[in-house]
Structures are given as structure tokens and as C-alpha cells.
Number of protein chains: 4
Amino acid sequence: IDAVCTAHGLSVAEFHALRARATEAKTRAYCPYSNFRVGAALLARAGEGEGESGGRYVLGANVENASYPVTTCAERVALGTAVVEGLHSGNGRGFRAIAVSTDAEGPASPCGMCRQFIREFCELSMPILMFDKNDTFIVMTLGELLPLSFGPDNMGVKDPAKP
Amino acid sequence: IDAVCTAHGLSVAEFHALRARATEAKTRAYCPYSNFRVGAALLARAGEGEGESGGRYVLGANVENASYPVTTCAERVALGTAVVEGLHSGNGRGFRAIAVSTDAEGPASPCGMCRQFIREFCELSMPILMFDKNDTFIVMTLGELLPLSFGPDNMGVKDPAKP
Amino acid sequence: IDAVCTAHGLSVAEFHALRARATEAKTRAYCPYSNFRVGAALLARAGEGEGESGGRYVLGANVENASYPVTTCAERVALGTAVVEGLHSGNGRGFRAIAVSTDAEGPASPCGMCRQFIREFCELSMPILMFDKNDTFIVMTLGELLPLSFGPDNMGVKDPAKP
Amino acid sequence: IDAVCTAHGLSVAEFHALRARATEAKTRAYCPYSNFRVGAALLARAGEGEGESGGRYVLGANVENASYPVTTCAERVALGTAVVEGLHSGNGRGFRAIAVSTDAEGPASPCGMCRQFIREFCELSMPILMFDKNDTFIVMTLGELLPLSFGPDNMGVKDPAKP
Ligand SMILES: [Zn+2]
Ligand SMILES: [Zn+2]
Ligand SMILES: [Zn+2]
Ligand SMILES: [Zn+2]
């Protein structure tokens with residue numbers, strides 16, 4: 001854990017908070033179709049002048065639908081909530097990490113659709129922490145999980161995650 | 001407005017709050033691809049024992065993506081946030097109304113995907129308030145906007161919006 | 001059936017072909033997650049100069065994904081295939097009807113997302129035929145299933161289904 | 001090109017056919033919202049006993065919608081069409097390659113949602129060929145574009161792409 005934190009610019013306390021909150025978020029899942037609970041916790045950077053304690057954790061959980069394609073995932077709920085709160089841009093803001101927790105044996109990774117959604121707002125170096133039911137974890141960066149990504153640049157739009 | 005409120009069980013103050021908050025939410029939109037801002041405000045019922053002031057407004061805005069199909073709409077962000085907060089079920093909770101506001105001339109309605117997402121958690125009698133840039137509005141119920149809907153019953157799952 | 005055909009401009013033979021092909025399409029479903037098979041058959045209008053026999057039936061079935069929101073529905077597969085074949089526009093083309101068939105007891109309707117997808121290319125008067133496992137059916141027009149729809153007009157784009 | 005073909009088990013003729021068909025498919029795009037045309041060509045393996053000429057090319061193009069999230073991409077249209085035709089499984093079938101072509105300067109990659117959709121049916125070693133408007137190209141495997149993927153195994157379903 002120490003090595004992971006050092007590599008990705010997190011404190012050990014932040015690592016534990018991400019894990020605890022993603023696990024807590026899992027209890028909010030609405031998943032009567034899959035019975036596969038997923039929780040997410042997103043760590044937003046403190047804005048300038050907000051002080052170290054200005055960081056924010058935003059939670060998400062999967063919200064399923066009778067029409068499966070209308071379902072949304074934990075990661076996208078957390079990030080959508082955060083964007084509406086204005087945590088994605090301006091004043092030095094942005095995101096430092098996202099954690100995902102499931103009930104599976106072995107960490108499950110964000111689906112491709114969520115990797116793409118995260119890509120819009122987060123730097124490629126941002127760590128994604130994946131926890132299984134026993135708190136076994138894997139950490140990979142967004143850039144590792146979505147190499148050669150399709151992004152705002154491809155559509156002629158300024159990348160919100162770049163300075 | 002009085003007649004609309006009476007028909008749909010809202011107070012005039014709630015109507016105005018829904019309009020004001022949906023309009024405010026519009027400023028949170030991330031829409032560099034369409035430049036079409038949409039704001040939503042969802043009114044959650046107070047839980048039992050919470051008192052009249054227990055109602056809650058949850059905001060949403062559209063969050064677009066370089067890959068258009070990965071975009072999410074204002075209505076779904078608001079409702080996803082609310083479900084993660086546990087406002088959709090238990091203890092007499094649920095939703096009383098949703099308002100949507102755009103910059104268009106003439107009220108724009110929720111897309112079919114959002115109607116389906118709303119369907120999962122709201123009663124067919126719930127009003128959907130649609131405001132244009134001049135506060136001209138139309139109110140229709142979910143059942144009117146999504147007749148003969150596909151829902152949890154079709155998949156053998158208990159409908160969260162039914163007692 | 002006679003009355004339905006008259007009301008919606010279909011011959012009885014076309015009605016039977018739509019039913020048979022939607023039912024056949026159901027066998028192509030990939031749905032290991034829901035086990036809910038859906039088949040669709042879309043009837044494309046003959047282009048000018050192609051003669052009466054120029055009409056085409058295009059099939060679709062639901063194609064699910066381990067990530068539920070990445071799933072696509074039968075109706076959207078059929079219509080996507082048809083658009084790529086150029087059957088949606090030009091030369092008098094367009095669509096005359098779509099049929100959907102499931103294994104349920106009682107006809108199931110297209111989800112809101114599919115209604116929206118169909119809306120882009122079809123006239124509001126186009127009939128949607130819904131068959132259950134016993135061939136019990138309901139027919140409604142697109143306009144009836146998606147009232148006050150959000151469409152190309154709202155985004156300043158020419159509606160492909162309008163002359 | 002020779003080296004690429006050797007590495008990925010394609011003949012030079014197949015490589016050229018994939019490029020030509022993806023480029024041709026681009027002309028079928030319906031994209032009045034983004035004006036970003038994408039074409040895809042999927043090469044399906046010949047079934048057993050069908051002979052070398054039994055391989056099939058299936059085309060796709062992006063099909064947009066006034067509601068951006070209801071849009072579907074070229075890759076998913078091609079693969080959805082192919083699954084409905086039964087080309088994904090049984091009798092030694094499956095997919096050997098997919099090519100994508102755009103009008104951009106520099107090859108554009110499939111979005112995360114499409115990578116996830118492809119993941120359901122294709123082996124991780126399958127090559128994805130990306131061509132820009134000048135036929136400059138990049139080839140990467142599915143496994144390289146979607147590392148540590150979320151798939152059927154995670155949901156307890158047999159992976160259709162594994163023997
Ligand atoms: Zn996801
Ligand atoms: Zn919507
Ligand atoms: Zn559907
Ligand atoms: Zn895509």
C-alpha cells in the first residue's frame with residue numbers, strides 16, 4: 001500500500017478512505033437484474049485556497065434498469081454527480097483517484113464505457129483502485145486501462161483534463 | 001400554474017423551486033459537443049417522520065463525451081445521484097416531480113432513454129415539468145410520456161415505484 | 001388483423017411476414033444475462049422504380065454484454081443494419097413498420113431508448129407491432145408510444161423522416 | 001503491411017479488403033450532429049466446411065441520434081449485424097479482424113464502449129486496424145486496447161470467444 005500510494009500521489013489515509021467509501025457506496029446499488037453490486041468513490045482535488053481538507057469524496061453505485069442498456073454504472077454516477085457539483089474544472093480542481101469495489105472474488109475493472117466516461121475529465125495518470133470483496137486490490141492508471149484513447153482532441157474540443 | 005399544481009399535488013412554491021433549480025442546474029452542464037445545455041431538478045418526497053421540510057431537490061445536468069453514446073443526460077444524472085443517496089425507496093420515500101430546463105425556444109422533452117430511466121423509480125402519475133428559455137412550460141405525467149412502458153414487471157422484478 | 005392492416009397501410013401478407021420474421025429473429029438473440037429473447041423485423045419501403053417487390057425485411061435481435069449498459073436491443077440492431085444498407089432515405093425509401101416478438105406472456109413494448117432511436121428515422125404514424133409468445137399482439141404508432149418526442153428539430157437538424 | 005499481416009494472421013489481400021470496405025462503409029454514416037463519419041468492416045471467419053472463401057465482411061457506420069447517448073457507433077452496428085447473422089459462434093466461426101476508418105488526420109481508435117462490445121465476442125488477440133483519411137494506420141489487438149477487461153467471466157457467463 002505504501003508503494004502504491006507513493007507511486008500515485010495518495011496518502012495512506014486517502015487510500016483507506018477510498019476503499020472504505022467505495023465499499024460503503026456498494027450498499028447503495030440498485031441491481032435487482034444482475035445482483036452484482038458495485039460501489040465507487042471519487043476523490044476530487046481541493047480547489048485553490050480551499051486548504052488540504054478541501055478534497056471531496058463523491059460516491060456512486062450501479063443503477064440498473066429493466067431495459068439493460070439504460071443501466072448506469074457506479075463510476076459514471078459518481079463522476080456525473082461530481083461534474084454537476086463543479087468539481088471537474090476551474091480553480092485548480094479535478095480528480096485525483098477513483099476506487100471501485102465489488103462482491104466478486106478478484107478485483108473487477110471498470111467497463112469500457114466507464115473508462116471512456118472517466119477519460120473525458122481525468123488525466124491519463126490518474127489511478128483507478130479496484131477492490132474485491134476481500135479488499136484484495138489492483139491499481140492501474142486510466143492510461144493503462146484505456147490506451148490510445150479516443151477523446152476530446154479527436155473531436156476538436158479542448159481536453160478538460162489538460163492544463 | 002395554480003391548476004397545474006392542483007392537478008399534480010404540488011404547491012406553488014414547489015413549482016417555482018423546481019423551475020428555479022432546473023434553470024440553475026443548466027449552468028452546470030458540460031456540453032462542448034452540442035452546446036445544448038439541459039438542467040434538471042428532481043423533487044424527492046420527505047421520508048416518514050422527517051416533517052414537511054424533509055423534501056429534497058436533487059440537481060442534474062447533461063454530461064457529454066467525445067464518444068457521443070457515452071454521454072449522459074441531466075435527468076439521469078439527477079436520478080442517479082438521488083438513488084445513491086437512498087431517496088428512491090423505503091420509509092415512504094420516492095419522487096414527486098422532475099423539472100427540465102433548456103435554452104430552446106419551446107419546451108424540450110426528456111429523450112426516450114431518460115423516460116425509461118425515470119420509469120424504473122417513479123409512478124406513472126408523476127409530473128414532468130418542461131421549461132424553455134422563456135419559462136414557457138408544458139407538464140405531462142410519466143405515463144403520458146411513456147405509454148405502455150416496458151418496466152420491471154416485464155422482467156419479473158418488483159416495481160420499486162409501486163407500494 | 002384486417003382492421004389493423006387497413007388502419008396502418010399493411011397487407012395481410014405483410015402482417016404475417018412481419019410476425020414470422022420477428023419470431024424467427026428471436027432465435028438469433030445473444031442474451032445469456034437476461035435470458036429474455038427479443039426479435040425484431042423492420043419493413044423497409046421499396047425505393048422508386050424498384051416495384052412492389054422491392055420492400056425489404058431487416059432482422060434484429062438483442063445482443064447483450066457483460067456490462068449491461070453496453071447491451072443493444074433488437075430494434076436498434078435491425079434499424080442500424082438498415083441504415084448502413086441505405087434503406088432509410090433517398091429515392092422514396094423509408095420504413096413502413098417494425099415488429100417485435102418476445103417469449104413473454106403479453107406483448108412487450110420497445111424500451112424508451114429504442115423508441116428514441118426509431119424516432120430519428122421513422123414517421124410518427126409508423127406502426128409498431130408487438131407480439132407475445134402466443135402471437136397475441138398490440139399495435140401502436142410511434143407517435144403513440146413516444147408522445148411529444150425529442151427529435152432532430154430540437155437540435156436544428158432536418159428530420160430524415162419528413163419529406 | 002507485410003509484417004502486420006504476418007503478426008496478425010491476415011493475408012495482404014485481406015488487409016486491403018478490410019481497408020477498402022471500412023472506407024466504403026464510412027459513406028453510409030448518418031452523422032448530422034457530429035459530422036464525424038466512421039466506417040467499420042468486420043471479417044468473420046469461415047465456418048467449418050465452408051472453404052477459404054467462406055469468410056465474410058460485415059459493414060457498419062455510425063448512426064447518430066438527436067439524443068446523443070442514443071447514438072450507436074460503426075463498430076457496434078457491424079458486430080450487431082454479424083451476431084444476428086450467427087457469425088459469432090458455432091461451427092468454428094468467430095471474428096478475425098475489425099477495421100475502422102475516419103476522415104481524421106491520424107488514426108482514431110474505437111471508443112471504450114465499442115471496445116467493451118467487441119470484447120464480448122472476440123479473442124483478445126484479434127487485431128483492430130485503424131485508418132485515417134490518408135490510409136495511415138495503426139494496428140493493435142483488442143487485449144492491448146482493453147487491458148484487464150471486464151467480461152463474461154466476471155458475470156459467471158461462458159465467454160463466447162473462448163473455445
Ligand atoms: Zn461501467
Ligand atoms: Zn435523455
Ligand atoms: Zn430497447
Ligand atoms: Zn464507439
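**Helices, interfaces and a zinc site**

User: Which residues in H4(B) are buried?

Analyst: In H4(B), the buried residues are B:Gly112, B:Met113, B:Cys114, B:Arg115, B:Gln116, B:Phe117, B:Ile118 and B:Arg119, where buried means under 20% relative accessible area, exposed over 50% and partly exposed in between (1.4 Å probe, protein chains only). Helix H4 of chain B spans residues 112-119 and is mostly covered, with 8 of its 8 residues buried; helices (H or I, at least four residues) and strands (E, at least two) are DSSP runs numbered from the N terminus.

User: Before I go on, what kind of model is this?

Analyst: This is a predicted model, with local features needing pLDDT of at least 70 and side-chain atom pairs counting only at pLDDT 80 or more, while totals for chains, interfaces and linings use all residues. Residues are numbered from 1 along each chain as its sequence is written, chains are lettered from A and ligands numbered from 1 in the order in which they are written, and side-chain values use heavy atoms, leaving out hydrogens and water.

User: Switching to interfaces: how many residues does the contact take from chain B and from chain A?

Analyst: Chain B gives 34 residues and chain A gives 34 residues to that contact, counted from heavy atoms within 4.5 Å. About 2,700 Å² is buried between these two chains, with carbon and sulfur atoms giving 71% of it; buried area is the accessible area (1.4 Å probe) that two parts lose on being put together, summed over both. On the chain B side, B:Tyr30, B:Val70 and B:Val84 supply 22% of the area buried against chain A, more than any other three residues. Strand E2 (56-61), H3 and H4 of chain B each supply at least two residues of the side that touches chain A, and H3(B) gives the largest share of that side, 5 residues.

User: What about chain B and chain D, how much area is buried there?

Analyst: About 880 Å² is buried between chain B and chain D, of which carbon and sulfur atoms give 77%. B:Tyr68, B:Pro69 and B:Met113 supply 60% of the area that chain B buries against chain D, more than any other three residues. That contact takes 12 residues from chain B and 12 residues from chain D.

User: Last topic, the metal. Which protein donors does the zinc ion (ligand 1) have?

Analyst: Its protein donors are the SG atoms of A:Cys73, A:Cys111 and A:Cys114, lying 2.3 Å from the ion, where donors are N, O and S atoms within 2.8 Å of the metal (3.2 Å for Na, K and Ca), and sites may look incomplete because water is not among the atoms. Along the chain the donors follow the spacing C-x37-C-x2-C.

User: Why does A:Cys114 count as buried?

Analyst: A:Cys114 counts as buried because its relative accessibility is 0%, and A:Cys111 counts as buried because its relative accessibility is 5%.
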